[in-house]
Amino acid sequence: MLSAVLPQSEVPTDCHLNSGCGFPAPDASIFELDPVVTVTLFGQQFDVTKIEMLLALGSILIMGFFLLAFRKPKLVPGKLQSVGEMAYLFIRDGISREVIGKDGDRFVPFLFSIFFFVWIANLWGIIPGAQIPVTSIFAYPVGLALMVWCVYMFLGIKHQGPIKFFTNMMFPPGMPTPIYFILAPIELISNVIVRPVTLAIRLFANMFAGHLLLTVFTVAAFYLASPSVIGILGSATSFLMTVIMTGFEALIQGLQAYIFTLLTAVYIAGSLHADH
Amino acid sequence: MNDTTETPAGTATSNAAWSVVNHMIAGILVYGGLGWMVGLWLGYPQQGLAVGVVCGLAASTYLVVFRLRQLDGPPAASADDVERSA
């Protein structure tokens, strides 16, 4: 929709420091990709871009990997099975048992799927050829956050009862009664509305900013490349920064996937037991 | 460390700590919005918004401190009570 209105910006490759044109600073239009395939379903036109293809490929890769790892589980695991078990134990012991406790074991598959889905979606940002994180498109974090919202609201209503869930949330015990009138709205808005919003924005903003940063340094490395002292030094520095920021992004991508999963577990824990 | 409970000790505290940002934002939203509406009614929307945001921040800070202090231990064993009884 937006890409039809805005012109697709192409970074000019012949634009250099001394060729008279200014720095072609990348803007938000680098996130609006040309459709690769256009599908018409039920009279509605769907543009399939690189983003959707990476998303599908990522899902297939994760499923393939874990199917292979756990296809024939042996008592003494092979290499692939060891990696798969390590990943499983990381989610079960590192997140689920740590945050929810023993009764969180039935949510491990959910947390496991979320972690690896978000991680591979983020990881596309630094994989050569792909080089755009799927989660830097706001719709994907929003979709994930909405799913998490549905899960913890449902669990809260199921485990604490439809009225109890909200009263437990709004009225933590041991507070002077007049204070309740002031703080209850904050608790309600915080838990029901702000939670999914911050969950989605935290993931999206990190990936968006990371991709923009990498693009700025990459474009600068090309733009500054010219036979002059400033050109050579600037280009080399920009290139070095691109390499350093790529390593930094690798860290951020794993960290954001971990935080997203951890917060999902925290919200589930809050729904299973009232916070007191 | 309390080994008898199913969840490790400190879990509740770290879970509550994760919601600090959410509480802060919610406080600003609720009381900023309320202040703005009251200000609109009285004819000073900007001043109302400013006062509301500050009040909301104060309220949510109180809420966060209250929640985290409560998780430290049961209120009967808090430092104030020990001092008072001594």
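## Salt bridges

A:Arg97 and A:Asp105 form a salt bridge, with their closest N and O atoms 2.7 Å apart. This is a predicted model. A:Arg97 is partly exposed, at a relative accessible area of 24%. A:Asp105 is also partly exposed, with 27%.

A:Asp93 has a relative accessible area of 34% and counts as partly exposed.

## A bridge between chains

B:Arg67 forms a salt bridge with A:Glu187. Their closest N and O atoms lie 2.9 Å apart. B:Arg67 sits in helix α3 (residues 45-72) of chain B, and A:Glu187 sits in helix α7 of chain A, so this pair joins two chains.

Are the two partners buried or exposed? B:Arg67 is buried, with a relative accessible area of 10%. A:Glu187 is buried too, at 1% relative accessibility. The rule finds one salt bridge across the interface of chain A and chain B.

## The interface

In the contact between the chains, 32 residues of chain A meet 22 residues of chain B. Together the two chains bury about 2200 Å². Carbon and sulfur atoms account for 65% of that area. Five residue pairs are in polar contact between chain A and chain B, counting pairs with both residues at pLDDT 80 or more.

Which helices of chain A supply at least two residues each to the side that touches chain B? They are α3 (79-99), α6 (162-170), α7 (177-224) and α8 (229-272). Helix α7(A) gives the most, with twelve residues. On this side of chain A, 21 residues are nonpolar, five are polar and six are charged.

## The nonpolar cores

The largest nonpolar core has 52 residues. Within this core, A:Ile91, A:Ile100, A:Phe116, A:Val134 and A:Phe260 touch the most other members. Seven names make up the list of elements that give two or more residues to this core: α2 (50-69), α3, α4 (108-123), α5 (139-160), α6, α7 and α8 of chain A. The largest share comes from α8(A), with twelve residues. In soluble globular proteins, nonpolar side chains tend to be buried together.

Setting aside neighbours within four places in sequence, A:Phe116 is in contact with A:Ile62, A:Phe66, A:Ala87 and A:Ile91. Another core, of eleven residues, lies apart from the largest one. Among its members are A:Met175, A:Leu183, A:Ile186 and B:Leu63.

## Two residues with positive phi

Most residues other than glycine have a negative phi. A:Phe42 is not a glycine, yet its phi is positive, at about 50 degrees. Where is A:Phe42 placed? A:Phe42 lies in the loop between β1 (37-41) and β2 (44-48) of chain A. With a relative accessible area of 83%, A:Phe42 is exposed.

A:Gln131 also has a positive phi, near 50 degrees, and is a residue other than glycine. A:Gln131 is found in the loop between α4 and α5 of chain A. A:Gln131 counts as partly exposed, at 46% relative accessibility.

Key
Residues numbered from 1 in each chain as written. Chains lettered and ligands numbered in written order. Predicted model: local features only at pLDDT ≥ 70, side-chain atom pairs only at ≥ 80, totals over all residues. Heavy atoms only, no water. Contact = heavy atoms within 4.5 Å. Buried area = accessible area lost by both parts, 1.4 Å probe. Salt bridge = Lys/Arg side-chain N within 4 Å of Asp/Glu carboxyl O. Polar contact = N/O pair within 3.5 Å; in protein donor to acceptor, adjacent residues only side chain to side chain. Helix = DSSP H or I, 4+ residues; strand = E, 2+ residues; numbered from the N terminus. Nonpolar A, V, L, I, M, F, W, Y, C, P; charged D, E, K, R; others polar. Core = buried A, V, L, I, M, F, W, Y, C linked by side-chain atoms within 4.5 Å. Buried < 20%, exposed > 50% of the residue type's maximum accessible area, 1.4 Å probe, protein only.
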